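Student: Hi, could you walk me through this protein? I'd like to start with a side chain and go from there.

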Amino acid sequence: MKRTVIRSAEDPFYPAFLALCESSFPLSERRSPEDQRRLFSEDAYTLEAWAEGDLPAGFLGWWDCGDWRYAEHFAIHPACRSTGYGSRFLSEWMHESDLPVLLEIEPATDETARRRQRFYHRLGFVDSDIVHYQPPYHRDMPAVRLWLMSWPQPLTQAAYEKFRQIQQTEIIPFFH
């Protein structure tokens, strides 16, 4: 399994990332392809791919927020799900830094969402009871109610306020 950083829209894995993002996240939880492309100029953003030969097995788009890392988009190719790749990839990424990790998931209202929550619990993530709305990625869409999870410690209110400020001023509105 090869791990690589995608540094431009010309990277051979970039089209596969866009396709997987489109099939894995609703429009309200992902950027337009144009906005996603603009992220390559952001020093705090990294887009990583894991590949099995020429097949991209998964992707992680994440932000270095100083005191912690925000895993914005994590997806495994359908052909590679239930193989252990996702756990291995994310665990490797989590443990390569001393920084805590924060991520958002859809509320566990159906079996798919509950399965996703259990996946993160197995990796050591803890649920937050802080009410959170992700700012919209598109001007004509409302904010999205998502659940926050953090690793290895529970998310404090102070850390959440800092995250919310960065998300609203640097991560999402950068493109509007």
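**A buried glutamate and its surroundings**

Tutor: Happy to! This is a predicted model. Let's begin with Glu48, whose side chain makes a polar contact with the side chain of Trp62, at 3.0 Å.

Student: Where does Glu48 lie?

Tutor: Glu48 is part of strand β2, which covers residues 45-52.

Student: And is Glu48 buried or exposed?

Tutor: Glu48 is buried, because its relative accessible area is 4%, and the cut-off for buried is under 20%.

Student: Which residues is Glu48 in contact with, leaving aside its neighbours within four places in sequence?

Tutor: Among them are Arg3, Thr4, Val5, Phe59, Trp93 and Glu96, and Trp62 is on that list too.

Student: Which strands does β8 pair with?

Tutor: β5 runs antiparallel to β8, with 5 bridges, and Glu104 has Leu148 as its bridge partner there. β6 is also antiparallel to β8, joined by 2 bridges, with Val126 opposite Ser150. β7 pairs with β8 in the antiparallel sense over 3 bridges, and Tyr133 stands opposite Arg145.

Student: Nice. How much space is in the largest pocket?

Tutor: About 860 Å³. It has 34 lining residues, and the closest to its centre are Phe74, Arg81, Arg116, Phe119 and Tyr120.

Student: Which element gives the most to that lining?

Tutor: β4 does, with 7 residues. By type, the lining divides into 16 nonpolar, 10 polar and 8 charged residues.

Key. Residues are numbered from 1 along each chain as its sequence is written. This is a predicted model: local features need pLDDT of at least 70, side-chain atom pairs count only at pLDDT 80 or more; totals for chains, interfaces and linings use all residues. Side-chain values use heavy atoms; hydrogens and water are left out. On a 1 Å grid over the protein atoms alone, a cavity is a set of points where a 1.4 Å probe fits but cannot get out, and a pocket is an open set with protein on both sides within 12 Å along at least five of seven lines; lining residues have an atom within 4 Å of a point. Grid points are joined across faces, edges and corners, and a volume is the space filled by probe spheres set on the points. Helices (H or I, at least four residues) and strands (E, at least two) are DSSP runs, numbered from the N terminus. Ala, Val, Leu, Ile, Met, Phe, Trp, Tyr, Cys and Pro count as nonpolar, Asp, Glu, Lys and Arg as charged, and the others, Gly among them, as polar. Buried means under 20% relative accessible area, exposed over 50%, partly exposed in between (1.4 Å probe, protein chains only). A polar contact is a pair of N or O atoms within 3.5 Å; within protein, one must be able to donate a hydrogen and the other to accept it, and residues adjacent in sequence count only if both atoms are side-chain atoms. Contact means heavy atoms within 4.5 Å. Two strands pair if DSSP finds at least two bridges between them.
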